[in-house]
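Subject: Structure for your review

Dear colleague,

Please find the structure below, with its sequence. My notes on what was found in it follow.

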Amino acid sequence: MSGNFLYQKFEKQLDEVDALTSKPKLLLHACCCPCSSHCIELLEKHFDITVFFYNPNIDERDEYEKRLEELLRFSKEAEFAKNIKIVRGEYEPQVFHEMARGMENLPERSERCYKCYELRLRRTAEYAAENGFDYFTTTLSISPYKNADWINEIGMKLEDEMRGTASDSDSSADNIPIFLFSDFKKKNGYKRSIELSAEYNLYRQDYCGCVYSKMEKERKVKEKTEM
């Protein structure tokens, strides 16, 4: 799927949402505050947003807490974010390391990253279904380093899985949250996130969070200094 096609699907979904008489409830998975900033700014006009901070890939508790604290601070300072709610997911790095077993030596943007997106989105979808949300999505696609096709493929698959499970158990499929398509980097979304980061003096980490991305970042820095 091209980025333009994804954004067209996203805009169509927003048109459907805006035709409703009240804002539907959206569970927005957040990887960090800078990525969340523009996504919240864009979506809060259309949805009643709850941000779900669940990132077992983050290898250090201090880093986890720092990203979460920035998100909490931003929600108090940015006018457009003051009505959002924030849910802290469990800090469980052991879940990520179990998932990554056997893929430790793969490069960034490999199958390990796909599985990491899936791990975080699956828990988001589960939480959304368990707590009566109408939609779910993630901020991950705002990053130029993340594969939006993979993210949307996973989101669609998870929605389909939940609908299939509901059908098999004679549960109402009407209660299954809809996956909101996204490629938030489109229409200068990533650029806007950088502007908001500067405006609110947000902490911008220089690696995705996992120990493997941190090692790759350190390797690249070392290579530059040795040139």
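What do the buried residues of α3 pack against? They pack against β1 (25-30), α2 (33-43), β2 (48-53) and β3 (85-88). Please bear in mind that this is a predicted model.

Helix α3 covers residues 61-77.

The buried residues of α3 are Glu63, Tyr64, Arg67, Leu68, Glu70, Leu71, Phe74 and Ser75. Around the axis they cover an arc of only 150°, which puts them on the same side of α3. Asp62 and Lys76, on the other side of α3, are exposed.

One of the elements that α3 packs against, α2, also meets helix α7 (residues 189-199). The axes of these two helices come within 8 Å and cross at roughly 110°. Because angles of 65 to 115 degrees count as roughly perpendicular, α2 is roughly perpendicular to α7. The crossing in which α2 passes α7 is right-handed. On the α2 side, the residues in contact are Pro34, Ser37, His38 and Glu41; on the α7 side they are Gly189, Arg192, Ser193, Leu196 and Ser197.

Leu68 is one of the buried residues of α3.

Regards

Definitions and conventions:
Residues numbered from 1 in each chain as written. Predicted model: local features only at pLDDT ≥ 70, side-chain atom pairs only at ≥ 80, totals over all residues. Heavy atoms only, no water. Helix = DSSP H or I, 4+ residues; strand = E, 2+ residues; numbered from the N terminus. Expected span 1.5 Å × (residues − 1). Buried < 20%, exposed > 50% of the residue type's maximum accessible area, 1.4 Å probe, protein only. Arc of directions from axis to C-beta. Contact = heavy atoms within 4.5 Å. Axes fitted to C-alpha atoms, helices over the stretch in contact; angles between N-to-C directions. Parallel < 35°, antiparallel > 145°, perpendicular 65-115°, else oblique. Left-handed = near helix turned anticlockwise from the far one by under 90°.
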